[in-house]
Amino acid sequence: MSRRERSPLQALPLHAICVIVGLSIVVPVLFGVLGAFKDNGQLVTNPFGLPSPWVTENYSEILGSLGFWQPLGNSLLIAVATTVLVVLASAMAAFVFARFAFRGRELLFTLFTIGLMFPFAVAILPLYILLRQLGLLDNPLGVILPQAAFGLPVTITILRGFFRTIPADVEEAALLDGCSPFGFFWHILLPMARPALATVSVLAVVASWNNFLLPLVVFNDATWWTLPLGVTQFQGQYAADIARILAYVVLAMVPALALYVVAERQLIGGLTAGATKG
Amino acid sequence: MTTQVTTPVAATAHGPAAKQIPSPRSRRGASARRQLAILPFLLPALLLFGGLVLVPILLAIYTSLFKWNGFGGLPTNFVGLDNFVRLLGDEVFTGDLSRGLVLVLLSVLVQLPVALGLALLLNQQLRFRGLYRLIFFAPYVLSEVITGVLFTMVLSPNGGLVNKILAVFGVSGQTWLADPGRALLTLFFVVSWKYFGFHMILLLAGRQDIPPELDEAGMMDGASSWEIFRHITLPLLGPTIRISVFLSIIGAIQLFDMVWVLTGGGPIHSSETMAVTMFQYGFRRYEVGYASAISVAMFLISMVFALLYQRYVLRRDIEGAVTKAGAMP
């Protein structure tokens, strides 16, 4: 890089901007984290300072209740099932779109990519009617299957792009060795595509984890509620107990932020690829 | 396209690879057998997509032609296009459209420049820029629901953080979400809090795709920083900016979760979006036929917009996008 190095003094205004923007993000979150260590009286009289005394009941009571762990487990199960399904179905389809020639291929692929610009909210009402007819309300499949279906466009697009970069020689060699198309797909292509599979998996997990509208209409019974539903339910239940709601919100943030720290590369790579290729 | 040739699409097989193939005959047999794999491989995706994406759209179009409370098998009270006529005269729906337009304009005029500025800033040689990027993008991974619930408390009139800060400066008693004149603007700021980092990341990736030689050439020719930005960076970022705008608009059309949690669309519809109106009619007031008409309208609006945008705005970018495809795993 032959870019000019800035002197510390020149860089100061740039850092100032970054710190201001950074604070506008960190402060609301910190307000939540610290606020949940206060009681509601402290929240009013001592909004900015550290809690004194530190109140741990808000966190500990939530961590000791099923009202947090059950939605967490449900969110996890639904996210994993959705991801496995959408990645597998998409990988198979992307393999065909990337490496086979057949009449109507481009048309079919275009049909899938149209789904990229198709807002989920548009389909929620007919989807609900359909799931009711199929008896899938209050059933995790009622969320998993539609989420997988709506995840297909972006997953197929990204995987197809990746599969295309694998040289044809690799496949021809495998075929000559007597490998069936399925054998090639399973034993050679998928292992080679591990980075791309990681990227689309992270995208699918995040999308499922954050979904609210679909579980909201599908799950009437609290047994299957996911974390976003748990948060809104908790907020309704403890309307005036701000400190307690903050504790639930903060705890609900932890898994998403942890995934972000671990999989930042995959997430950002996938989002940029998904956006620019769609 | 190739219609008769049954060799793999990706068979850009050059000389050596082609020579290894034993006889044309067995090769054709293998290819034919290979073609048999197409359907089984496509089947799961086709079933999912057809059954749970395409069928619902058709179902919405069908039920939008009925007056229906949503109960019982399928609707019977056919009313033709009445629901759509009603839609055009519905002030909440036309209000949704203008509020949507306000949100789109705000994100293009406020959020996009901020995101662009920060992307260019983080493209500089700057200490801690990895940390800054990590923080700026973090809100994107939080769900709209969690962000929304957090901000109902940050913005709450009494104990909320924002009013506590303002009180230090002697401003007191402000309402943010409960004020009809302010709710939409407040909603916009919370939405931007969550999403500006996403646009920033897109623009940063676009900026990093511009070869540094171009900046250097500009500098050697004596161009100022502003001239380099105006005549090199900005035009080359065009495709990314157009995609960012596209995603903002699609996002505004379907905005639901954040509104639902922050304001429920109120007060007096002042922050309501199409998706919220649809949800109210479909799931709260059991006017499923009418709600289906709103769904269809949302579908048509996003479809027509997407096609026009692809046709007239993104068209000149497609070549670049295609040649770039696959470059990033």
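Visitor: Which domains is chain B divided into?

Guide: Chain B splits into domain 1 (22-63) and domain 2 (91-324). The bounds come from an automatic or database domain assignment. This is a predicted model: local features need pLDDT of at least 70, side-chain atom pairs count only at pLDDT 80 or more, and totals for chains, interfaces and linings use all residues. Residues are numbered from 1 along each chain as its sequence is written, while chains are lettered from A and ligands numbered from 1 in the order in which they are written.

Visitor: How far apart do the C-alpha centres of domain 1 and domain 2 of chain B lie?

Guide: They lie 37 Å apart. The contact takes four residues from domain 1 of chain B and six residues from domain 2 of chain B. Contact here requires C-beta atoms, placed from the backbone, within 7 Å.

Visitor: And how does the domain assignment of chain A go?

Guide: It gives domain 1 (8-57) and domain 2 (66-277). Their centres, taken over C-alpha atoms, are separated by 34 Å. Eight residues from domain 1 of chain A and seven residues from domain 2 of chain A make up the contact.

Visitor: What classes are on that side of domain 1 of chain A?

Guide: The side touching domain 2 of chain A has three nonpolar, three polar and two charged residues. Ala, Val, Leu, Ile, Met, Phe, Trp, Tyr, Cys and Pro count as nonpolar, Asp, Glu, Lys and Arg as charged, and the others, Gly among them, as polar.

Visitor: Switching to the two chains. How many residues are in contact?

Guide: 95 residues of chain A are in contact with 88 residues of chain B. On chain A's side, helix α13 (residues 242-277) of chain A gives the most, with 18 residues. Helices (H or I, at least four residues) are DSSP runs, numbered from the N terminus. By class, that side has 70 nonpolar, 13 polar and twelve charged residues.

Visitor: Which residues touch the most other members in the largest nonpolar core?

Guide: A:Ala93, A:Phe95, A:Leu159, A:Val249 and B:Ile294, out of 173 residues. Such a core is a set of buried Ala, Val, Leu, Ile, Met, Phe, Trp, Tyr and Cys residues joined through C-beta atoms within 7 Å. Buried means 20 or more other C-beta atoms within 10 Å of a residue's own, with C-beta atoms placed from the backbone.

Visitor: What does B:Ile294 touch?

Guide: B:Leu87, B:Phe93, B:Met274, B:Thr277, B:Met278 and B:Tyr281, not counting residues up to four places away in sequence.

Visitor: Which residues of α6(B) are buried?

Guide: Among them are B:Tyr132, B:Arg133, B:Phe136 and B:Phe137.

Methods
Contact = placed C-beta atoms within 7 Å. Buried ≥ 20, exposed ≤ 12 C-beta atoms within 10 Å, placed from the backbone. Helix = DSSP H or I, 4+ residues; strand = E, 2+ residues; numbered from the N terminus.
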